[in-house]
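Have a look at the sequence and the 3D view before reading on.

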Amino acid sequence: MLDADTAGCVLTWLNNGGTLDPERSRILQSCIEDLDRVIPEITDPAGIQYFRRLRRLALLVTAGLSDSE
């Protein structure tokens, strides 16, 4: 669900011209925090790469939110 939640927030951000409602912003921030906890526990190299990229994407979106405020 972590990747689905993150992807859903990113998709909403894309569809809304770079904005998120407060609830989705909170969810995305929570996803980043969860990814920070989960990534060190992953042992599969492909899984590590996937979730690091997902985290980076989420960080880019949150940075874009900060820029647009």
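## How two helices cross

A crossing is left-handed if the near helix is turned anticlockwise from the far one by less than a right angle, and right-handed if clockwise. Helix 1 passes helix 2 in a left-handed crossing. Helices here are DSSP runs of H or I with at least four residues, numbered from the N terminus.

Helix 1 covers residues 2-15 and helix 2 covers residues 22-38; they pack at an angle of about 140 degrees, with axes 9 Å apart. Helix 1 is therefore oblique to helix 2 (angles under 35 degrees count as roughly parallel, over 145 as roughly antiparallel, 65 to 115 as roughly perpendicular and the rest as oblique).

## A closer look at T62

T62 sits in helix 3, residues 45-68. With a relative accessible area of 18%, T62 is buried (buried is under 20%, exposed over 50%, partly exposed in between, using a 1.4 Å probe and protein chains only).

Leaving out residues up to four places away in sequence, T62 touches L28, Q29 and I32. The T62 side chain also reaches the backbone oxygen of L59 at 2.9 Å.

## About the model

This is a predicted model, where local features need pLDDT of at least 70, side-chain atom pairs count only at pLDDT 80 or more, and totals for chains, interfaces and linings use all residues. Residues are numbered from 1 along each chain as its sequence is written, and side-chain values use heavy atoms, leaving out hydrogens and water.

Terms used:
Helices (H or I, at least four residues) and strands (E, at least two) are DSSP runs, numbered from the N terminus. A polar contact is a pair of N or O atoms within 3.5 Å; within protein, one must be able to donate a hydrogen and the other to accept it, and residues adjacent in sequence count only if both atoms are side-chain atoms. Contact means heavy atoms within 4.5 Å. Axes are lines fitted to C-alpha atoms, for helices over the stretch in contact, and angles run from 0 to 180 degrees between N-to-C directions.
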